[in-house]
Amino acid sequence: SGKLPPGPVAFPIIGNALQLNMKNLPQSMREVKVAKYGPIFTIYLGSERVVVLYGHEVVKEALIDQGDEFSERGRMPLFEKLPDKKGISIDNGVPWKRLRRFTLTTLRNFGMGKKSTEERILEEAHFLVERLKNTHEKVHVEIDRVIGRSRSPCMADRSQMPYTDAVVHEIQRFISLAPLGIPRAVTRDTHFRQYIIPKGTTIFPVLHSVLYDSKEFPKPEQFNPGHFLDENGAFKKSDFFVPFSLGKRSCLGESLARMKLFLLLTTILQNFTLKPLIDPKDIDITPMTLTSNDPVSYQLIVIPQ
Ligand code: HEM
């Protein structure tokens with residue numbers, strides 16, 4: 001008893017390819033949800049069935065409340081044979097369990113070395129600073145605002161720097177790097193709300209739908225660090241901040257990535273003023289979107305402080 005979540009009628013072989021914009025799947029997901037199917041729907045990418053979870057409530061319900069059932073790593077249908085820009089194949093044969101073990105061991109070894117992770121990242125940040133200082137050339141990156149820093153950054157500073165912390169969070173929210181999440185799959189036939197999702201079905205937990213929820217983040221399309229600040233200017237946590245996903249298969253590199261983002265940003269801004277070449281409002285910040293939101297290249301003026 002029970003049935004699959006609803007979805008648009010699919011054709012043999014091509015599935016829903018004609019109804020979806022394959023160049024911008026996250027946008028298509030929103031249209032399908034809004035069209036009529038609601039927060040849980042089924043689509044076919046080629047002949048592969050995918051159940052899409054759209055919005056904070058269902059994403060949390062699946063990845064946290066029913067975390068065991070939604071804990072398998074899924075496939076990215078249609079895209080599996082595409083090499084990414086670095087020539088690394090995102091083949092479905094990626095052995096996730098081995099990757100997880102490898103990452104854990106590497107992170108542990110990294111942490112056990114003579115130097116702390118913090119020191120290593122700072123070394124990297126200073127190396128970057130040296131490179132920028134010595135280069136005098138315009139770097140192709142867009143940053144449309146300037147935040148000055150007067151003292152040497154370290155992780156302990158973060159709690160004293162709510163605005164910088166909010167900026168880092170807002171960057172991650174705004175760029176929505178993995179808008180569809182990284183595909184999951186269900187470990188067994190799974191009852192989810194009034195539906196049954198067959199074992200092995202690919203699941204897209206649409207992180208973009210959580211990061212861009214307008215009830216939590218007023219005007220989500222606008223870059224506004226105020227999304228993570230309370231009325232007194234203190235840092236405000238949000239359950240909707242899910243760039244690293246949620247639950248037992250969430251990103252293993254989260255604390256490393258967050259440390260890097262904070263230390264690199266503060267070190268660069270402590271040493272340089274960054275300016276765009278053109279009026280910031282004329283800069284097109286639309287990312288390249290296929291399954292991830294990749295920023296395009298920008299020109300930038302880097303002025304030593
Ligand atoms: C800003 C940077 C990063 C973002 C936004 C990010 C995001 C994600 C997301 C959305 C997932 C899918 C998790 C899920 O299905 O619940 C993931 C998985 C994963 N990430 Fe990251 N990640 C980042 C950096 C890193 C770094 C630096 C590492 C390694 C040190 C890393 C290692 C992994 C691994 C191993 C998995 C697979 C976990 C599993 O399948 O059990 N990530 N990441």
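Strands β1 and β2 form a hairpin with two residues between them, and Gly46 in the turn has a positive phi of about 65 degrees. Helices (H or I, at least four residues) and strands (E, at least two) are DSSP runs, numbered from the N terminus. The model is a predicted one: local features need pLDDT of at least 70 and side-chain atom pairs count only at pLDDT 80 or more, whereas totals for chains, interfaces and linings use all residues. Residues are numbered from 1 along each chain as its sequence is written.

Strand β1 (residues 40-45) is mostly covered, six of its six residues being buried. A residue is buried if 20 or more other C-beta atoms lie within 10 Å of its own, exposed if 12 or fewer, and partly exposed in between, with C-beta atoms placed from the backbone. In a regular strand the side chains alternate between the two faces of the sheet. Both faces of β1 are covered, with Ile40, Thr42 and Tyr44 buried on one side and Phe41, Ile43 and Leu45 buried on the other.

Most residues other than glycine have a negative phi. Lys219, which is not a glycine, has a positive phi of about 50 degrees. Lys219 lies in the loop between α6 (207-211) and α7 and counts as exposed because it has 10 C-beta neighbours inside 10 Å. Ser245 is also found in the loop between α6 and α7, and its phi is positive, near 70 degrees. With 18 other C-beta atoms within 10 Å, Ser245 is partly exposed.

Ser245 is also among the residues that come nearest to the ligand, together with Ile182, Cys251, Gly253 and Ala257, out of 20 residues around it. A residue is near a molecule if its C-beta atom, placed from the backbone, lies within 6 Å of it. The shell around the ligand divides into 11 nonpolar, five polar and four charged residues. Ala, Val, Leu, Ile, Met, Phe, Trp, Tyr, Cys and Pro count as nonpolar, Asp, Glu, Lys and Arg as charged, and the others, Gly among them, as polar. Helices α3 (96-112) and α7 (254-271) each supply at least two residues of this shell, and α3 gives the most, with four residues.

The buried residues of α7 are Phe262, Leu263, Thr266, Thr267 and Leu269.

Methods:
Pairing = 2+ DSSP bridges.
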